[in-house]
Amino acid sequence: MSSAQGFLNDWVESRVGLGSNISNSRNTSVSYNIKGCWIPLTDNGGRRSLGSREEQGSVRCRRDEDRLGWFPPHFDVSDRMARLVASDPVFRKDNRAMLSRKELFKNTLRKAAHAWKRIIELRLSEEEASEMRFYVDEPAFTDLHWGMFVPAIKGQGTEEQQQKWLPLAYKMQIIGCYAQTELGHGSNVQGLETTATFDPESDEFSFIWWPGGLGKVSTHAVVYARLITEGQEHGVHGFIVQLRSLDDHMPLPGITVGDIGMKFGTGAYNTMDNGVLRFDNVRIPRNQMLMRVMRVTREGKCVQSNVPRQLIYGTMVYVRQTIVSDASSALSRAVCIATRYSAVRRQFGPQDGGVETQVIDYKTQQSRLFPLLASAYAFRFVGEWLKWLYLDVTQRLQANDFSTLPEAHACTAGLKSLTTSATADAIEECRKLCGGHGYLSSSGLPELFAVYVPACTYEGDNVVLLLQVARFLMKTVSQLGSGKKPVGTTAYMARAEDLLQSRCSVQKAEDWLKPSVILEAFEARAVRMCVACAQSLSKFQNPEEGFLELSADLVEAAIAHCQLIVVSKFIEKLQQDIPGKGVKQQLQILCYIYALNLLHKHLGDFLSTGCITPKQASLANDHLRSLYSKVRPNAIALVDAFNYTDHFLGSVLGRYDGNVYPKLYEEAWKDPLNDSVVPDGYQEYIRPMLKQQLRNARL
Ligand SMILES: CCCCCCCC/C=C\CCC/C=C/C(=O)SCCNC(=O)CCNC(=O)[C@H](O)C(C)(C)COP(=O)(O)OP(=O)(O)OC[C@H]1O[C@@H](n2cnc3c(N)ncnc32)[C@H](O)[C@@H]1OP(=O)(O)O
Ligand SMILES: Cc1cc2nc3c(=O)[nH]c(=O)nc-3n(C[C@H](O)[C@H](O)[C@H](O)COP(=O)(O)OP(=O)(O)OC[C@H]3O[C@@H](n4cnc5c(N)ncnc54)[C@H](O)[C@@H]3O)c2cc1C
């Protein structure tokens, strides 16, 4: 067996007709008509001007006992893959901002092809391959192929369909994308206009719009369309559709496909060929409808299987779950840059002419930066927990237990929303924390922001997703009286009566150091906000009308619930054994910072619901200040622990060795504008103007 085959077989093992016609022009006439984490604590207070290049080698060679046990196999894999990518010139990315769209895209194709070659040559495992793509750090069609096309077939295809399509996809003999969103419909999936029908008749057009990888690369797509058989609608389903010839890559008859154009930022997400797609009388075999949820017989009859139809949305649940862990990565990256730079940067200070103060020592800088550092850790832990929840629900589904699906949907939707919004805001805050230099492309922050910010929109607009959480919470509250006991992340609601009455016991600042006190405050706030919404809703005759009217309050209640989940998972993590001297204490401090900073930011909720008093709020704030002083000595170690290579960070400000100023100067000279001392355009535009002024002056 060749190495490639061995790898691919392992991969497969480790993962789990009749003419039909597709069209999204509605004037068609045939069958399916588609329309590891390290924390080497420093004892020098992290006040080093960041070490030299030579130091980098020794400091990074960390001891086993320093290592946290959260992701044991992951750290080694991640570390190896980061270095592999960093040392390979094909994966160079420092020139991205200077490339035209065409050059950028071709370069991404080159990187993806090279990555695939290395994956085969080195017989990388699935985990290694995925880490490698992560460190290549460039949005590409492969994200959608592996992240959505393959999971859609696995989740919604029958065994037979999986056996047919997955081997082709695993060997990249076909490349696929996830084509759901249309020009006119994204959030409202049930409202999609693309139809797959035996007997279509209308004459409007609709286009698929947005799918990544669709524009220029994908040969296939899982297309989502409303199924129509025997003149009846049967909801939205996924269909595997070949888009391009496997011989010459030309679109197949009836298919119009292309890129939708430049997106936010210059380099950024423009490496991705988000696409537009139009079907006109496209025929596909009947068995290319993904039929795990519903089967269409040869005669065109629909047979519902025993799995809930929401499984059709399963790929989105899967990706939302991965997005939460990704949020931690993006956030930790921005925080790493801002923290290291804050230790290098000095402004103001002693009046006697001594050295100026490192900006990281200003309390305002700490109060903006350290909660973001704490959030990076918090999102990592909640991401790990969510992975567990997702695996759990997947196993239950296989055993025909669908009971936890609504909670899995609410958790993935809510946490995706919470963590991506917080991360997008945090990256921008990190840019500001770096002052003027943060605005330079070479700081790495503008591009990180531009690449990251669409996460608030894709895989579900964040507000739309919070409204899903709110629906789930309102349902839970409405069932409290019926004897149905809430479980999982809503278990606290079983104590609603107590939590509605409870009084916070804090009397002095240190009382905020008790996890039970923090948890109770967050539980009481969430329950009170949910119950208040439910009470307001009950005053409406039409619940849907009420839901629309109260949606802003419902979103806030959903946020309160999701923040409680993050806080509680951080606290749970700390109940586990965490190896490494002093590591647990540092994480405890970060946990309190995460919770108390949220409390401070959402004080209105806590006070208006009577969960805490103004005095207790003020004590929490006092305590928060003292916690910042405790993080300060280890701040650099806490970001070094993310173990990012300089290549991955891609930031002059966040360099491991702290050699910021000489490198900023060096970078500036690399700009093409500096290729010539006198700029192009001088003769045509500057010189005549100057001469003109001279003439005027003489007159
Ligand atoms: C190297 C490997 C990399 C791996 C990672 C790669 C990832 C790459 C990352 C990023 C690249 C970007 C890629 C982007 C892709 C996309 O954006 S794809 C398109 C995503 N689109 C959306 O997310 C649309 C958002 N809209 C929806 O999800 C839904 O339609 C809705 C908002 C939930 C609609 O709600 P509505 O109530 O109208 O829906 P109904 O269909 O009527 O639902 C009825 C009931 O079902 C429940 N429900 C809804 N969704 C789900 C679900 N997903 N799971 C389970 N249950 C669900 C809903 O709550 C209702 O329940 P109820 O009847 O009990 O109330
Ligand atoms: C970079 C990027 C990559 C993408 N990749 C893909 C892909 O690979 N495949 C794919 O199929 N799609 C993809 N998409 C599309 C994406 O999934 C949708 O854009 C997303 O789901 C949001 O839907 P929308 O654009 O319809 O937003 P809209 O729903 O039109 O949202 C517009 C505004 O209306 C508000 N709103 C909408 N409905 C409600 C409501 N019920 N109540 C209150 N407020 C509401 C929203 O909060 C938002 O403020 C991608 C998008 C981007 C930006």
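Predicted model: local features only at pLDDT ≥ 70, side-chain atom pairs only at ≥ 80, totals over all residues.

User: Which residues come nearest to ligand 1?

Analyst: Of the 28 residues around ligand 1, they are G147, V189, Y313, H409 and G460. A residue is near a molecule if its C-beta atom, placed from the backbone, lies within 6 Å of it.

User: And which element gives the most to that shell around ligand 1?

Analyst: That's α8, with four residues. The elements giving two or more residues are α5 (126-136), α6 (141-156), α8 (314-344), α10 (405-433) and α12. Helices (H or I, at least four residues) and strands (E, at least two) are DSSP runs, numbered from the N terminus.

User: How many nonpolar, polar and charged residues does the shell around ligand 1 have?

Analyst: Eleven nonpolar, 13 polar and four charged. Here Ala, Val, Leu, Ile, Met, Phe, Trp, Tyr, Cys and Pro count as nonpolar, Asp, Glu, Lys and Arg as charged, and the others, Gly among them, as polar.

User: OK, what about ligand 2: which residues come nearest there?

Analyst: Q180, T181, G186, S187 and W210, out of 21 residues around ligand 2. Both β2 (176-179) and α12 (462-478) give two or more residues to the shell, and α12 has the largest share, with three residues. By class, the ligand 2 shell has eleven nonpolar, nine polar and one charged. Domain 1 and domain 2 each supply at least three residues to the ligand 2 shell.

User: Which residues does UniProt list for "binding site"?

Analyst: T181 and G212, from an unreviewed entry. They're spread over 32 residues of sequence but cluster in space, with a largest C-alpha distance of 10.6 Å. T181 sits in the loop between β2 and β3 (195-197). Keep in mind that UniProt annotations may be inferred rather than shown by experiment.

User: Switching topic: how do α9 and α17 pack?

Analyst: Helix α9 (residues 363-398) and helix α17 (residues 583-601) pack at an angle of about 110°, with axes 8 Å apart. So α9 is roughly perpendicular to α17, a label for angles of 65 to 115 degrees. Axes are lines fitted to C-alpha atoms over the stretch in contact, and angles run from 0 to 180 degrees between N-to-C directions.

User: Which residues make the contact?

Analyst: Among them are F370, P371 and Y377 of α9 and L587, I593 and N597 of α17. Two residues are in contact if their C-beta atoms, placed from the backbone, lie within 7 Å. The contact of α9 with α17 has ten nonpolar, two polar and no charged residues.

Technical notes. Residues numbered from 1 in each chain as written. Chains lettered and ligands numbered in written order. Domains from an automatic or database assignment. Parallel < 35°, antiparallel > 145°, perpendicular 65-115°, else oblique.
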